[in-house]
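Try each task yourself before reading its solution.

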Amino acid sequence: MSQPAKPQLIYVLWGSDRFTRDEQVRGLKRRMLAEPFGEYNLTLLAGDHVTVRDVRAVADALPFMGERRLVVVEGLLGRI
């Protein structure tokens with residue numbers, strides 16, 4: 001019997017309070033980098049040069065020796 005799929009989490013940080021938004025992103029990055037092999041499961045993408053297909057490809061990749069991946073896309077919603 002197969003295990004049910006874990007829910008996937010997506011955080012959308014948006015607003016004029018850049019300081020708080022950037023602090024939240026830094027916190028997520030710190031948590032990922034504190035995990036074993038965390039640097040291999042952290043991807044940063046520039047939203048002004050990335051497509052939704054690119055984001056999806058990176059997000060769908062299996063984590064390397066870990067349980068999760070962190071994909072940060074900066075500026076994508078501002079472009080839409």
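The exercises below use a predicted model and look at one residue and then at some ring pairs.

**Exercise 1.** Locate N41 and decide whether this residue is buried or exposed.

*Solution.* Start with the chain: N41 sits in the loop between α1 (18-34) and β1 (42-46). Next, take the relative accessibility of N41, which is 1%. Buried means under 20%, so N41 counts as buried.

**Exercise 2.** Find what surrounds N41, and look for a backbone nitrogen close to a polar atom of its side chain.

*Solution.* Leave out residues up to four places away in sequence; N41 then touches M32, P63, F64, G66, R68, R69 and L70. Now turn to F64: its backbone nitrogen lies 2.6 Å from a polar atom of the N41 side chain.

**Exercise 3.** Classify the ring pair of F37 and Y40, then that of Y40 and F64.

*Solution.* The count of aromatic pairs comes to 3. For F37 and Y40, the centres are 6.3 Å apart and the planes make an angle of 35 degrees, giving a tilted pair. For Y40 and F64, the centres are 5.4 Å apart with the planes at 70 degrees; planes over 60 degrees apart count as edge-to-face, so this pair is edge-to-face.

**Exercise 4.** Which residues do ring pairs link into a cluster?

*Solution.* Joining the pairs gives a cluster of F37, Y40 and F64. To finish, check accessibility: F37 is partly exposed at 34%, and F64 is partly exposed at 43%.

Technical notes. Residues are numbered from 1 along each chain as its sequence is written. This is a predicted model: local features need pLDDT of at least 70, side-chain atom pairs count only at pLDDT 80 or more; totals for chains, interfaces and linings use all residues. Side-chain values use heavy atoms; hydrogens and water are left out. Helices (H or I, at least four residues) and strands (E, at least two) are DSSP runs, numbered from the N terminus. Buried means under 20% relative accessible area, exposed over 50%, partly exposed in between (1.4 Å probe, protein chains only). A polar contact is a pair of N or O atoms within 3.5 Å; within protein, one must be able to donate a hydrogen and the other to accept it, and residues adjacent in sequence count only if both atoms are side-chain atoms. Contact means heavy atoms within 4.5 Å. Rings of Phe, Tyr and Trp (its six-membered ring) pair if their centres lie within 6.5 Å; planes under 30 degrees apart count as stacked, over 60 as edge-to-face and the rest as tilted.
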